[in-house]
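Come along and follow with the model in view.

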Amino acid sequence: MQHRTEDYDLLYKLVLIGDSGVGKTNILNQFTRGEFLQDSKTTIGVEFASKNVTIDDKTIKAQIWDTAGQERYRAITSAYYRGAVGAMIIYDITKSLTFENVDKWMKELKENADPSLQIMIVGNKTDQKHIRQVATDCAIAYAQRNGVAFIETSAKDGTNVEEAFKNILQQIYKSAK
Ligand code: GDP
């Protein structure tokens, strides 16, 4: 009889990037723990958290890395990207500057990550529709021009958080087949 030492078939490393304050830590907490923290920066973020997802009868362990604030010092190290098969570039739909900077993050990925890396752009904080600054159509057009996936989420009420991770994991799984 074979003994399985691990509880998954495939391990995928995902990295979360984007400007400080867009909700990276909360998206990670919402997905892996079902939690939202109104003031998460009072503690230093964990380096990564994991969660298993089933795709095609396979158990995929998503190991999701958070910058833990490194982006504030423009000091994301290449180790952060090493081995990553997927990246979510997150912006805040209520702050256009964070969307303008998505382009900078795309360049950062081109310079530091594997070319086969699957990318998803994520517009977060949709619960704040009344102060929206970035139109969904603009973001969709940008994602299409760059050939990457797109979704809008709210880490606060949980909208689309699970879908975002499932979609990117499926994309990675398909591209690896
Ligand atoms: P990070 O710097 O990108 O990791 O961002 P954080 O996850 O620390 O979030 C920054 C701030 O935005 C915190 O005060 C969060 O409570 C808040 N925040 C994060 N996601 C959402 C969201 O979906 N909706 C709302 N209203 N606030 C959010």
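**Entry 1: the whole chain**

I began with the secondary structure and found six helices and six strands in the chain. This is a predicted model, so I kept that in mind throughout. Reading from the N terminus, I wrote the order of elements down as β-α-β-β-α-β-α-α-β-α-β-α. Next I looked up the radius of gyration, which is 16 Å; the globule rule gives 16 Å for 177 residues, so the chain is as compact as a globular protein of that length. Along the principal axes, the C-alpha atoms fill a box of roughly 60 × 35 × 30 Å. I noted that 37% of the 177 residues count as buried. Among contacts with a separation of 6 or more, 71% are between residues 24 or more positions apart.

**Entry 2: the core**

Which residues have the most contacts inside the largest nonpolar core? I found Leu14, Val15, Leu16, Ala87, Met88, Ile89 and Met120, in a core of 42 residues. Strand S4 (residues 84-92) gives the largest share of this core, seven residues.

I then picked out alanine 87. Leaving aside neighbours within four places in sequence, alanine 87 is in contact with Leu14, Val15, Ile17, Leu109, Ala113, Leu117 and Ile119.

**Entry 3: helix H1 and the ligand**

I turned to the ligand and listed the residues around it. There are 19, and Gly23, Lys24, Thr25, Asn26 and Lys156 come nearest. By class, I have three nonpolar, 10 polar and six charged residues in this shell. Helix H1 (residues 24-33) supplies the largest share of the shell, three residues.

Is H1 mostly covered or mostly open? It is mostly covered, with eight of its 10 residues buried. I wrote down the buried ones: Lys24, Thr25, Asn26, Ile27, Leu28, Asn29, Gln30 and Phe31. They pack against strand S1 (10-17), strand S2 (48-55), strand S3 (58-65), S4, strand S5 (118-124) and helix H6 (161-176). Just after H1, I came to glycine 34, which takes a positive phi of about 65 degrees.

**Entry 4: asparagine 29**

I stayed in helix H1 to look at asparagine 29. Why does this residue count as buried? Asparagine 29 has 21 other C-beta atoms within 10 Å, and the cut-off is 20 or more. Setting aside neighbours within four places in sequence, I found asparagine 29 in contact with Glu35, Phe36 and Leu37. I also checked alanine 155: it is 126 residues from asparagine 29 in sequence, yet the two are 8.3 Å apart in space, C-alpha to C-alpha.

**Entry 5: the S2-S3 hairpin**

My last stop was the pair S2 and S3, which run antiparallel and are joined by eight bridges. Here phenylalanine 48 stands opposite tryptophan 65 in S3. The hairpin has two residues between the strands. I looked at aspartate 56 and aspartate 57, which lie in the loop between S2 and S3.

Phi of aspartate 56 is near 55 degrees, positive although the residue is not glycine. Aspartate 57 is not a glycine either, and has a positive phi of about 65 degrees. Are these aspartates buried or exposed? Aspartate 56 counts as exposed because it has 10 C-beta neighbours inside 10 Å. Aspartate 57 counts as exposed too, with 6 such neighbours.

How values were computed. Residues are numbered from 1 along each chain as its sequence is written. This is a predicted model: local features need pLDDT of at least 70, side-chain atom pairs count only at pLDDT 80 or more; totals for chains, interfaces and linings use all residues. A residue is near a molecule or strand if its C-beta atom, placed from the backbone, lies within 6 Å of it. Helices (H or I, at least four residues) and strands (E, at least two) are DSSP runs, numbered from the N terminus. Ala, Val, Leu, Ile, Met, Phe, Trp, Tyr, Cys and Pro count as nonpolar, Asp, Glu, Lys and Arg as charged, and the others, Gly among them, as polar. A nonpolar core is a set of buried Ala, Val, Leu, Ile, Met, Phe, Trp, Tyr and Cys residues joined through C-beta atoms within 7 Å. A residue is buried if 20 or more other C-beta atoms lie within 10 Å of its own, exposed if 12 or fewer, and partly exposed in between; C-beta atoms are placed from the backbone. Two residues are in contact if their C-beta atoms, placed from the backbone, lie within 7 Å. Two strands pair if DSSP finds at least two bridges between them. The radius of gyration is taken over C-alpha atoms; the globule rule is 2.2 Å times the number of residues to the power 0.38.
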